[in-house]
Amino acid sequence: MKNIDSYSHLRGESIYLDDVPLVAGTLFAVAFGSPHAHGKILNLDLGEAEKMPGVVRIFTSKDVPGENQIGGIVPDEPLLANHNVHFQGMPVALVVAESVEEARNAIKKIKIDIDPLPIITDPREARAKGELIVPPRTFRIGDVDSTWSQCAHIVEGMAETNGQEHLYIETQGAYTFPLENGSIRIISSTQGPTAVQRHAAIVLGIPMHMLEVDVTRLGGGFGGKEDQASMWAILCALATYHLKKPVKYALDRMEDMRMTGKRNPYSSDFKIGLDKDLKIIAFETTYHQNAGAAADLSPAVLERTLFHSTNTYFVPNVKATAYSCRTNLPPNTAFRGFGGPQGMFVIEAAIDKAAKHIGVQAWEIQKKNLIQTGDEFPFGQKADSEATECWETAEHVYQPDQIQIRIEKFNAENILFKKGMAFMPICFGISFTKTPMNQARALVHVYTDGSIGISTGAVEMGQGVNTKMLQVAAKIFSVETHRIKIYSTNTFRIANTSPSAASATADLNGKAVEIACEAILGRLKDLVAEKFSVSPSEVWIENEQVMAKGKSLDYKWIQLIQDGYLKRIGLSEHGHYAPPGLHYDAKIEKGHPFAYHVFGTAITEVTVDCLRGTYEVDAVKIVHDFGTSTNVPIDRGQIEGGLVQRIGWMTLEEIVYDENGRLRSNALSTYKVPDIYSVPKEIDIHFLETKKENMAILKSKAVGEPPLMYGIGTYFALRNAIAAYRPDAEMTYATPMTPERVLMGLYGKKKMVEA
Ligand code: MTE
Ligand code: HPA
Ligand code: MOS
């Protein structure tokens, strides 16, 4: 079925934060961010700003009635800076005025005097100086140290992945309203309504039950609004708390880019050892995560990096250590893949380097080492693997041998254009790595006219989760889809929601919907059984007709519901779901953290213009393990979107902070994102339908994040094309592979230093 939002999206009628009609008396907030990346605040002079036209009030940390703290995992992030500033753009004051323009004009009149402190932007430097967010963590299996001596090939190196701006189309923002007796309604563009509610309660010093957070949909989140939406929502709530007026703040694009964190960049070391049959028998790696100035979600991101350190390969001896390093950049955060892609890049770089060293194709090593069912991941979980099935299906469907022959012929015939191919097999664990977060709730109402209203903890951010929730209810009740409406996500209706993240939103909330609908249906079946003197187990509904014993009872859904009401049957239900079997012990770094893994294989083909350093992605051919897709067009959109998002990260998107911690790539003129020309000329998706009983809804598998990882293939295909022009090209494993980097690979005189 079509995405239920497609009609209103197409007509521009869908409501986002900025479309909410303004209430009379609304005031507008703008944050004043620190102009320095690190230092002690000596003086903050608001005098002139306060006198500016339209200014109602300027808030600082002194106005926080509760705790000045919004840190989610570690309490290290003030809402408003009090003594020190830790990154450029860190909110120090909040101007509230009668118009946005007046608020912005007043911002310019704020004077701040800062005694500078040393600025760190590099994670390795931070580690050397002991600036760690949390203690380092190590995952181990087997014994790497004693294995090196058995290796036929050992390769060492470094791999670096850049940050990435989320660039959700809708920027961060919130709109808050005073309710009676001090309660506050918060409309927030957040993936985590409960995170907003919980932290607003801490900051305002009031109970969570006084805070109604409501989310209709987001114009994209991609992880950037899992935790980082809270700041703006709570700033508005603080102003509403004091002024008893509606307050709105929608960040402009440059503010958003400057003040919010991004994907965590990583700088990593690796050492890989293979036996003579190309089996990877040892892998050792150290990750340096650039966390930015506060923990935010970085410790959880770091954990997922470790969970994905061996991607889709079985390696019997692994030691992976990860450092979360504090720097003076905006706190970095969740971004599609949540550290997994950063970890997977490192082992792919190691394999690529080993292949070049040995003189084989990387895919020979990849294929030999695919994880099999029963193999153990370094964290103790046993794989239920589809890796080989995906790979072999890709070989069967796409004939990569033929592609490679075609590429070699092309490369032999062309001097200035070279093609390259790469395989990218993926394996992504589904579940929040923090086990307690794997729970969800749904509230289902059936109204007396037979229509159905559903609330869940799921936030619609373009990934189509509302459509999937509707499909679940429509299937269980067997009613037409127009009868069902999915309501906004609201903390007064659904409590204690986990953020919509970890690709698990449809799984968790879908199950909760299923449980609630089944409970109502059970009561309705009892009624039918009594009325028609049959057994409840013989009753079912098919296309709105009530059936029993194999035939229609000539009794329709609407009649059933009306009778249900008259018989005083509960037509509402609250469903709760928590997937069983998940556990993890961080002390020993072993457990079963994931409900299941998603597998897939992509084959990427690129062409490099060896005169200009520019390139095109000719084709990405994917076999993806969907389980049984609940919604093919939506899932296809997730694959295509994820793929292109990662191609952007791997090739174009270059975040530049200068040594003062100032963001230089602060607008779309200096930060290049993929456009239609970056999209592969061909994207082919083969649906691998696996019908396993897993813990996902309707036997589907989660699809939100895994396809992002296919984009890694583009990076390695480009390297292979460069090597076809210049076999002795020496390039570091650093991203993004911009045309400048390609040129340096093609023509650089000596080993390429950091671009
Ligand atoms: N797709 C769209 N269109 N917009 C988004 O913001 N976020 C991604 C992915 N796909 C996102 C998206 C991320 S980071 C996650 S975790 C999942 O969707 C979240 O939704 P799901 O759990 O329903 O897959
Ligand atoms: N994925 C995404 N978001 C999260 C996770 C995770 O594993 N844990 C906490 N937030
Ligand atoms: Mo996605 S990074 O888990 O919001």
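Biologist: How many nonpolar, polar and charged residues does the shell around ligand 1 have?

Modeller: The shell around ligand 1 has six nonpolar, nine polar and two charged residues. Ala, Val, Leu, Ile, Met, Phe, Trp, Tyr, Cys and Pro count as nonpolar, Asp, Glu, Lys and Arg as charged, and the others, Gly among them, as polar. Before we go on, this is a predicted model, where local features need pLDDT of at least 70, side-chain atom pairs count only at pLDDT 80 or more, and totals for chains, interfaces and linings use all residues. Residues are numbered from 1 along each chain as its sequence is written, chains are lettered from A and ligands numbered from 1 in the order in which they are written, and side-chain values use heavy atoms, with hydrogens and water left out.

Biologist: Which residues around ligand 1 come nearest?

Modeller: A residue is near a molecule if one of its heavy atoms lies within 4 Å of it. Of the 17 residues around ligand 1, the nearest are G221, F222, M461, T505 and Q638.

Biologist: And which atoms of ligand 1 lie close to the backbone of F222 and of M461?

Modeller: Look for polar contacts: pairs of N or O atoms within 3.5 Å (within protein, one must be able to donate a hydrogen and the other to accept it, and residues adjacent in sequence count only if both atoms are side-chain atoms). An oxygen atom of ligand 1 is 2.9 Å from a backbone N or O atom of F222, while a nitrogen atom of the ligand is 2.8 Å from a polar backbone atom of M461. For A504, a backbone N or O atom sits 3.2 Å from a ligand oxygen. On its own, ligand 1 has 520 Å² of accessible area, and the protein covers 92% of it. Such areas come from the Shrake-Rupley method with a 1.4 Å probe; for residues, only the protein chains shown count as cover.

Biologist: Is F222 buried, partly exposed or exposed?

Modeller: Buried means under 20% relative accessible area, exposed over 50%, and partly exposed in between (1.4 Å probe, protein chains only). F222 is partly exposed, at 29%. Its phi is near 55 degrees, a positive value in a residue other than glycine.

Biologist: What does ligand 2 have around it?

Modeller: Around ligand 2 are E226, R304, F338, F432, T433, M437, A501 and A502. By class, they divide into five nonpolar, one polar and two charged. A nitrogen atom of ligand 2 is 2.6 Å from an N or O atom in the E226 side chain, and an oxygen atom of the ligand is 3.1 Å from one in the R304 side chain. Taken alone, ligand 2 exposes 260 Å², and the protein buries 97% of that.

Biologist: Why is helix α13 largely enclosed?

Modeller: Helices are DSSP runs (H or I, at least four residues), and strands are E runs of at least two, numbered from the N terminus. In α13, 12 of the 13 residues are buried, so the rest of the structure largely encloses it. Among them are V465, L470 and F477. After α13 comes S478, with a positive phi near 50 degrees.

Biologist: Where is E653, and what does its side chain contact?

Modeller: E653 is in the loop between α16 (632-651) and β29 (682-689). At 3% relative accessibility, E653 counts as buried. The E653 side chain makes a polar contact with the side chain of Q164 (3.4 Å).
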